[in-house]
Amino acid sequence: MSEHYFTRQPRSAEDRRRFQTELRGFPFLFVTDAGVFSRDGVDEGSRTLIGMMDFPSGARVLDIGCGYGPIGLAAARLAPRGHVTMTDINERAAELARENAALNGIGNVTVKTGDLFEPVAGETFDVILANPPIRAGKAVVYRLFEEAKAHLAPGGAFWVVVHNKQGAPSARKKLEELFGEDSVEEIGKHKGYRVYRAVRSRDQKNI
Ligand SMILES: C[S@@+](CC[C@H](N)C(=O)[O-])C[C@H]1O[C@@H](n2cnc3c(N)ncnc32)[C@H](O)[C@@H]1O
């Protein structure tokens, strides 16, 4: 049986591949491997989020569940004066993200390994980006939403992509419960994927 892409230490035999692509007008070369999410090309949901995400060039960004790195590395190109922290529970994925940063000459990133926000405990960000691990289950995804709010600086924004068939409407509802109805916006949709942005109000206290 093939193992889940969110395994901490994938045991599947290595099967490294390389592909080139373009994200937001920047060329990228990615190395991927067995045991990581969407290894044959950038996932359509991730591409949708990358195409719509928007933040200042000096933003402090977190890519939570970075996989081999497409979202976080594209964000690093869009925020050359900022910094991107990338985390994943899958050690092989995190190692590939580090390798891909080096391969593409991207220096304004840090890659960490661990469960959700545990590697960034006590840190806050201007922007948090996620193509969440739907297959890990609703409990993990909703915990990710809850903890995202606690790791946003006041006025910071959580950007998330979810497919209609993978619970986009209920994800929106959950975000509205957490952030408030007026603070959640659907930024756009593409091929069934919806991108939501939830903004943390400026006067909420950190938990
Ligand atoms: C849908 S994939 C997206 C991967 C990557 N961002 C991309 O665009 O290709 C979700 C990622 O979340 C990671 N993940 C799953 N559960 C996690 C957890 N508890 N903590 C951190 N990362 C997790 C998976 O290993 C996977 O890489």
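Mentor: Two strands count as paired when DSSP finds at least two bridges between them. The model discussed here is predicted.

Trainee: In β2, which residue is the bridge partner of L23?
Mentor: β1 covers residues 17-23 and β2 covers residues 26-32. The two strands run antiparallel and are joined by seven bridges. The partner of L23 in β2 is F26.

Trainee: In the hairpin of β1 and β2, which residue takes a positive phi?
Mentor: The hairpin has two residues between the strands. The positive phi, near 50°, belongs to R24.

Trainee: Which strands stand at the edges of the open sheet?
Mentor: Seven strands form the open sheet, with mixed pairing, in the order β5-β4-β3-β6-β7-β9-β8. An edge strand has a single partner, so one of its sides has no neighbour in the sheet. That applies to β5 (109-113) and β8 (184-190).

Trainee: In β6, what is the bridge partner of D63?
Mentor: β3 (residues 60-64) and β6 (residues 125-130) run parallel. Three bridges join β3 to β6. The partner of D63 is L129.

Trainee: At what angle does α4 run to β7?
Mentor: α4 spans residues 138-150. This helix lies across β3, β6 and β7. Its angle to β7 is about 155°.

Trainee: Are α4 and α5 roughly parallel or antiparallel to each other?
Mentor: The axes of α4 and α5 (residues 168-179) come within 10 Å and cross at roughly 30°. Angles under 35 degrees count as roughly parallel. α4 and α5 are therefore roughly parallel.

Trainee: How many charged residues are in the contact of α4 with α5?
Mentor: From α4 come Y142, F145, E146 and K149, which meet K174, L175, L178 and F179 of α5. By class, this contact holds five nonpolar residues and no polar ones, and its charged residues number three.

Trainee: Is the crossing of α1 and α2 left-handed or right-handed?
Mentor: The axes of α1 (residues 44-52) and α2 (residues 70-78) come within 10 Å and cross at roughly 15°. The two helices are therefore roughly parallel. Their crossing is right-handed.

Trainee: Which residues of α2 make the contact with α1?
Mentor: α1 contributes S46, L49 and I50. On the α2 side, the contact is made by P70, I71 and A74.

Trainee: How many nonpolar residues does the shell around the ligand have?
Mentor: The ligand is surrounded by 21 residues, the closest being F6, S46, G65, G67 and P133. Six residues of the shell are polar and three are charged, while the nonpolar ones number 12.

Methods:
Residues are numbered from 1 along each chain as its sequence is written. This is a predicted model: local features need pLDDT of at least 70, side-chain atom pairs count only at pLDDT 80 or more; totals for chains, interfaces and linings use all residues. Axes are lines fitted to C-alpha atoms, for helices over the stretch in contact, and angles run from 0 to 180 degrees between N-to-C directions. Helices (H or I, at least four residues) and strands (E, at least two) are DSSP runs, numbered from the N terminus. Angles under 35 degrees count as roughly parallel, over 145 as roughly antiparallel, 65 to 115 as roughly perpendicular and the rest as oblique. Two residues are in contact if their C-beta atoms, placed from the backbone, lie within 7 Å. Ala, Val, Leu, Ile, Met, Phe, Trp, Tyr, Cys and Pro count as nonpolar, Asp, Glu, Lys and Arg as charged, and the others, Gly among them, as polar. A residue is near a molecule or strand if its C-beta atom, placed from the backbone, lies within 6 Å of it. A crossing is left-handed if the near helix is turned anticlockwise from the far one by less than a right angle, and right-handed if clockwise.
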